[in-house]
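Q: I have a model open and want to learn how to read it. Can we go feature by feature?

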Amino acid sequence: EVIFDESEWKSVYSVTFPNKPLPEKPPTLQEMIKLVAQLGGYVAHSKNCKPPGIETIWKGIQRTKDFAGAWEIFSPKKNRQKICVV
């Protein structure tokens, strides 16, 4: 949680693994970089694949920020009052 805050890693993990529950501990930095790269379009077919490039990471970070913002707003753990618009 030094590089990626809670809303970032939880939202990225939830989007990447929609059928898995969130882990108790955050993923390692190496795991998070791979997940963020996947959000940017990186596809690792095998262990011999090249690492993700700067543009792929940048695109993934942009999506990470979007997902984290949505996580902050719609997180089920937040105790927010319901707003009723008439």
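Q: Which residue forms a salt bridge with Lys-10, and how far apart are the closest N and O atoms?

A: The model is predicted, so keep that in mind throughout. To call a salt bridge, look for a side-chain nitrogen of Lys or Arg within 4 Å of a carboxyl oxygen of Asp or Glu. Here Lys-10 pairs with Glu-6, and the closest N and O atoms are 2.5 Å apart.

Q: Why are Lys-10 and Glu-6 separated by about one helical turn?

A: Check the spacing in sequence. Lys-10 and Glu-6 are four residues apart in helix H1 (residues 6–16), so about one helical turn lies between them. Glu-6 has 41% relative accessibility, so it counts as partly exposed.

Q: How many salt bridges does a search of the whole structure find?

A: The search finds three. Another one sits in helix H3, where Lys-59 and Glu-55 are four residues apart, about one turn of the helix. The closest N and O atoms of Lys-59 and Glu-55 are 3.4 Å apart. Lys-59 is partly exposed at 37% relative accessibility. Glu-55 is exposed, with a relative accessible area of 53%.

Q: Which side chain meets Glu-8 in a salt bridge?

A: Lys-65 does, at 2.6 Å from N to O. This pair links distant parts of the chain: Glu-8 belongs to helix H1, Lys-65 to helix H3, and 57 residues separate them.

Q: Is Glu-8 buried or exposed?

A: Compare the accessibility with the cut-off. Buried means under 20% relative accessible area. Glu-8 has 7% relative accessibility, so it counts as buried.

Q: Now the overall layout. How many helices and strands does the chain have?

A: There are three helices and zero strands. Along the sequence the pattern reads α-α-α. Of the 86 residues in the chain, 24% are buried.

Q: How do I read the way H1 and H3 are packed, starting with the angle at which their axes cross?

A: Look at the axes, then at the residues in contact. The axes of H1 and H3 come within 8 Å and cross at roughly 100 degrees. H1 and H3 are therefore roughly perpendicular to each other. On the H1 side, the contact involves Ser-7, Glu-8, Lys-10, Ser-11, Val-12, Ser-14 and Val-15. On the H3 side, Thr-64, Lys-65, Phe-67, Ala-68, Trp-71 and Glu-72 take part. By class, that contact has five nonpolar, four polar and four charged residues.

Q: And at what angle do the axes of H2 and H3 cross?

A: The axes of helix H2 (residues 29–39) and helix H3 (residues 54–74) cross at roughly 90 degrees and come within 7 Å. So H2 and H3 are also roughly perpendicular to each other. H2 contributes Ile-33, Val-36, Ala-37 and Leu-39. H3 contributes Thr-56, Ile-57, Gly-60, Ile-61, Arg-63, Thr-64 and Phe-67. Sorted by class, this contact has seven nonpolar, three polar and one charged residues.

Q: Which residues does Gly-60 contact, leaving aside neighbours within four places in sequence?

A: Gly-60 is in contact with Val-36, Leu-39 and Gly-40. Take the Val-36 pair: 24 residues apart in sequence, yet 4.7 Å apart in space, C-alpha to C-alpha. Gly-60 lies in helix H3. Its relative accessible area is 0%, so Gly-60 is buried.

Q: Which residues make up the largest nonpolar core?

A: Start with the general idea. In soluble globular proteins, nonpolar side chains tend to be buried together. In this model the largest nonpolar core has eight residues: Phe-4, Trp-9, Val-12, Tyr-13, Met-32, Leu-35, Val-36 and Leu-39.

Q: Which elements give two or more residues to this core?

A: H1 and H2 do. H2 gives the most, with four residues.

Q: What does Met-32 touch, not counting residues up to four places away in sequence?

A: Met-32 touches Phe-4, Glu-8, Trp-9, Val-12 and Pro-27. Phe-4, Trp-9 and Val-12 are among the core residues. Glu-8 is the residue that meets Lys-65 in a salt bridge.

Q: One last reading. What share of the contacts with a separation of 6 or more comes from residues 24 or more positions apart?

A: Those residues account for 46% of such contacts in the chain.

Definitions and conventions
Residues numbered from 1 in each chain as written. Predicted model: local features only at pLDDT ≥ 70, side-chain atom pairs only at ≥ 80, totals over all residues. Heavy atoms only, no water. Axes fitted to C-alpha atoms, helices over the stretch in contact; angles between N-to-C directions. Parallel < 35°, antiparallel > 145°, perpendicular 65-115°, else oblique. Contact = heavy atoms within 4.5 Å. Nonpolar A, V, L, I, M, F, W, Y, C, P; charged D, E, K, R; others polar. Buried < 20%, exposed > 50% of the residue type's maximum accessible area, 1.4 Å probe, protein only. Core = buried A, V, L, I, M, F, W, Y, C linked by side-chain atoms within 4.5 Å.
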